[in-house]
Every structure is written in structure tokens, then in C-alpha cells.
Amino acid sequence: NEYGMTVINGYDYTVDVTVSGVKNELNRLSAEDISAYVDLSQIDAAGEYTLDVRTSVPGGITLKELSANYVNVYVDKRSSKPVEIRVNPIYSIESDYSLGTPSATIQNVTVTGPEDVLDNIAYAQVTVDVGKLTSSVTATGSIVLVGNDGTVISNPYVKLHTTDVAVKIPVYTEKEIPLSVGFKHGFYNEKNSEIKIEPESITVKGDPAELAKLNTVEV
């Protein structure tokens with residue numbers, strides 16, 4: 001942290017620890033009682049390092065063997081950048097309806113982490129499962145980062161400034177609506193005029209709930 005760096009790989013290593021001691025003490029022992037760790041306090045530059053595995057065991061217990069005596073750790077500078085958010089909706093829809101373009105309420109999310117990992121991020125994706133659509137909906141989903149190879153990036157040292165985002169999914173349908181005539185200024189009305197509209201109706205596209213309220217369009 002002092003040098004503005006963070007770990008890229010090495011955080012997910014595991015090691016098997018063999019210990020010895022009095023049987024009663026060993027029977028009470030669990031993995032949580034033993035720690036295996038490496039010391040990064042001497043690292044002051046980005047790069048790859050081979051570090052000894054250190055252990056801590058309870059009193060009365062003796063360390064006998066480790067499955068790995070060292071691990072390779074790579075550290076790099078910590079940086080931030082905005083990443084584009086793409087929406088992945090999961091849905092079903094009947095032929096009477098059509099799907100508009102889904103959009104997140106924010107277009108980008110700021111990501112902080114190792115520079116090498118940030119360079120590999122292609123975009124951020126939010127997936128929402130909205131089931132069967134009959135009207136426009138708003139749903140909330142969690143953001144995941146997708147790499148240039150199309151796989152999800154999972155790194156505990158990469159932080160999203162926003163983890164959840166609302167998504168608007170517009171749904172449209174079409175409706176044939178008759179036209180009517182409205183008169184201005186009182187000069188013409190249905191008593192002194194004969195009005196013919198051509199065409200007599202128009203096709204309107206919009207949200208199904210809003211179109212259900214619409215019975216005529218006045219000219």
C-alpha cells in the first residue's frame with residue numbers, strides 16, 4: 001500500500017501443513033488454528049517475487065512439513081479506469097411485443113486494481129433475469145467484469161466503485177387507433193361541416209401499458 005501497489009497473483013495459493021503433537025491436542029485442532037502466509041513488507045517495486053511460506057501453529061504443536069515451501073507472487077501498480085457497462089437481459093417475449101434497447105442507469109463503472117488486470121478488462125456486464133415480458137420493466141443486477149478473452153475476471157484486489165446497477169428494459173407493441181377531429185375558434189363544427197379523415201386511423205408503437213389507455217388520437 002505504501003508504494004501504491006497490489007497483488008495480481010499469489011493470493012489464491014493453498015498449502016498443506018503437517019503437524020505433530022499430543023493426540024488430545026491434535027484432535028481439537030482445525031485448519032483455522034493454523035496460518036500460512038508470506039511477508040510482502042520488503043517489496044518496493046512491481047514485479048514477480050519468490051517468497052518463503054511462513055506458518056503459525058498453536059503452542060504445544062510442532063510443524064513437521066509443508067507441501068510448498070515458497071510461492072511466486074506478482075505485484076503491480078494500483079490504478080483506476082472507467083469501464084463500459086453492457087446489459088445482458090434474460091427474458092421471453094410473445095410475438096405481439098418487441099424488445100427495445102436495454103440500458104443501465106449509469107453507462108460506466110470505475111474499477112480500481114492492478115494495472116495489468118485493468119488492461120485485460122473488456123467491459124462490465126450486468127445480467128438481469130426478468131422472465132416473461134409484457135410491459136417495460138426496471139430491474140437491478142450485479143456487475144461482473146469480463147476480460148478480453150470473454151471470461152469473467154475474479155480477483156479480490158480489483159474493486160468496483162459500484163457493484164449493483166438498475167437496468168431499464170423497454171417493451172413495445174403496436175395498436176391501430178382511430179383519428180378524431182377537434183375544432184378551433186368555433187368557426188367550424190359538426191353541424192356546419194362534413195369532415196372526412198384519410199386515413200381514418202394510424203398505427204402507434206409504444207409501451208403496452210400506455211397504449212392500453214389510448215383510444216383515439218385527435219387531429
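## Salt bridges

K213 counts as exposed because its relative accessibility is 60% (buried means under 20% relative accessible area, exposed over 50%, and partly exposed in between, with a 1.4 Å probe and protein chains only). Its side chain meets that of E210 in a salt bridge, 3.4 Å from N to O (a side-chain nitrogen of Lys or Arg within 4 Å of a carboxyl oxygen of Asp or Glu). E210 has 47% relative accessibility and so counts as partly exposed. This is a predicted model, where local features need pLDDT of at least 70, side-chain atom pairs count only at pLDDT 80 or more, and totals for chains, interfaces and linings use all residues. Residues are numbered from 1 along each chain as its sequence is written, and side-chain values use heavy atoms, with hydrogens and water left out.

The structure holds five salt bridges. One of them joins the side chains of E25 and R28, at 2.8 Å from N to O. E25 is partly exposed at 35% relative accessibility, whereas R28 is exposed at 58%. Another joins the side chains of K132 and E94, also at 2.8 Å from N to O. K132 belongs to strand β11 and E94 to the loop between β7 and β8 (98-99), so this pair ties together parts that are 38 residues apart in sequence. Helices (H or I, at least four residues) and strands (E, at least two) are DSSP runs, numbered from the N terminus. K132 is exposed, with a relative accessible area of 54%, and E94 is partly exposed at 37%.

## Strand β7 and its partners

Strand β7 covers residues 70-93 and pairs with strand β1 (residues 5-9) in the antiparallel sense, over four bridges. Two strands pair if DSSP finds at least two bridges between them. In this pairing M5 stands opposite K77 of β7. Strand β4 (residues 47-52) also runs antiparallel to β7, and six bridges join the two. Here G47 stands opposite V75 of β7.

Strand β10 (residues 108-114) is another antiparallel partner of β7, joined to it by seven bridges. The bridge partner of S80 is T112, in β10. With strand β11 (residues 121-133), β7 pairs in the parallel sense, over nine bridges. R86 stands opposite Q125 of β11. In a regular strand the side chains alternate between the two faces of the sheet.

## Rings and charges

R86 also lies over the face of Y123, at 4.1 Å from the ring centre. A charge sits over a ring if NZ of Lys or CZ of Arg is within 6 Å of the ring centre and within 35 degrees of the ring normal.

The count of aromatic pairs is zero. Rings of Phe, Tyr and Trp (its six-membered ring) pair if their centres lie within 6.5 Å; planes under 30 degrees apart count as stacked, over 60 as edge-to-face and the rest as tilted.

## A nonpolar surface patch

V181, F183, F187, Y188 and I195 make a nonpolar surface patch of about 520 Å². Patches are made of residues with over 30% relative accessible area and no salt bridge: like charges are joined within 9 Å, and nonpolar side chains (Val, Leu, Ile, Met, Phe, Trp, Tyr) within 5 Å. Accessible areas come from the Shrake-Rupley method with a 1.4 Å probe, and for residues only the protein chains shown count as cover.

F183 is found in the loop between β15 (171-180) and β16 (201-206). With a relative accessible area of 34%, F183 is partly exposed.
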